[in-house]
Amino acid sequence: MGWALDLDGVMWRGDRPIAGSAEAVATLRAAGETVVFVTNNSSSPVVRVEQKLADMGVDAVGAVLTSAQAAARLVSPGARALVCGGEGIVEALRGRGVEVVEPSPDRRGGGAVDVDVVVVGFTRAFDFDLLAVASSAVRAGAQLIGTNEDATYPTPDGELPGGGALLAAVATAGGATPLVAGKPHPPMVEMVGEMLGGAGTMVGDRPSTDGVFARALGFRFGLVRSGVTPQGASVSDPVPDFDALDLGSMVGSLVP
Ligand SMILES: [Mg+2]
């Protein structure tokens, strides 16, 4: 059976690996399980995510699925796209044969760009001028796609605004309802289903994304308390099938 593992709050918190998680992946693989890593983070190119896992001793080449890849599946090859997000989105779109259009500096401030889609994900380079360009393209008819709608993301210093907060700004100013690609939405469900089939376990730290995603896949939901859901907090939507302090203790209790 397959295991789909969230990254932030399961494998690491920010840049700090969570103790026992790398060993848990090795235990699952030794037991014959297929493991993939599923993240709503769309800003990093896949090779950087693979390298970050390699740095903690996990071979993840070909096993990383990002919301940027899920978003790219929604865009037709040959289409023109404006990216309001990170490098990971640009990479995924180009890999699919989509033309990524850069807003030239003199067109910032609201001048329309002629694109078919606007793809929004997390970026620290988000500012008023980019919001103006992206939202005017949407008002001019471009389709609005969000890699994810996470309101925040966890860091060792607390939560920071996530891609969903930026997407909400573009959607509001653009007067459009976005199509969202990442967990728990259908594009990511299809990607994971294609890799793992119809049965497995999804492990994550956020019931509203990882838990709902598990249910959409028809998978068991393993909740870990090493991310945004604190120990002791009651979780009912959905009720986890497994509930553990972290991935290491969850796998330790299931795979002796
Ligand atoms: Mg997480």
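Start at the largest pocket: its lining residues divide into 7 nonpolar, 14 polar and 11 charged. Here Ala, Val, Leu, Ile, Met, Phe, Trp, Tyr, Cys and Pro count as nonpolar, Asp, Glu, Lys and Arg as charged, and the others, Gly among them, as polar.

Before going on, note that this is a predicted model, where local features need pLDDT of at least 70, side-chain atom pairs count only at pLDDT 80 or more, and totals for chains, interfaces and linings use all residues. Residues are numbered from 1 along each chain as its sequence is written, and side-chain values use heavy atoms, with hydrogens and water left out.

**Stop 1: the largest pocket**

Select Asp 8, Asn 41, Ser 43, Tyr 153 and Pro 154. Of the 32 lining residues, these lie nearest the centre of the largest pocket. A pocket is an open set of points on a 1 Å grid over the protein atoms alone, where a 1.4 Å probe fits, with protein on both sides within 12 Å along at least five of seven lines; lining residues have an atom within 4 Å of a point. The space in the largest pocket comes to about 770 Å³. Volume here is the space filled by probe spheres set on the points, with grid points joined across faces, edges and corners.

Now colour helix 2 (46-55), strand 10 (152-155) and helix 8. Each of these elements gives two or more residues to the lining. Strand 10 gives the most, with 4 residues. Helices (H or I, at least four residues) and strands (E, at least two) are DSSP runs, numbered from the N terminus.

Next, show domain 1 (2-40 + 183-254) and domain 2 (74-180). The largest pocket lies between them, because both give residues to its lining. The domain bounds come from an automatic or database domain assignment.

**Stop 2: the magnesium ion**

Select the magnesium ion. Its donors are Asp 6 (OD), Asp 8 (O) and Asp 205 (OD), at 2.0 to 2.2 Å. Donors are N, O and S atoms within 2.8 Å of the metal (3.2 Å for Na, K and Ca); water is not among the atoms, so sites may look incomplete. Along the sequence, the donor residues are spaced D-x1-D-x196-D. Asp 8 sits in the loop between strand 1 (2-5) and strand 2 (12-13), and Asp 205 in the loop between strand 13 (200-204) and helix 8 (207-217), so the pair ties together parts 197 residues apart in sequence.

Is Asp 205 buried or exposed? Asp 205 is buried, with a relative accessible area of 3%. Buried means under 20% relative accessible area, exposed over 50%, partly exposed in between (1.4 Å probe, protein chains only).

**Stop 3**

**Stop 4**

Pick Glu 159 in strand 11 (residues 158-161). Glu 159 is partly exposed, at 48% relative accessible area. Then pick Glu 23 in helix 1 (residues 21-30). Glu 23 is exposed, at 52%.

**Stop 4: cis prolines**

Select Lys 183 and Pro 184: the peptide bond between them is cis, with omega near 0°. Pro 184 lies in the loop between strand 12 (179-180) and helix 7 (186-196). Asp 237 and Pro 238 are also joined by a cis peptide bond, with omega about 0°.
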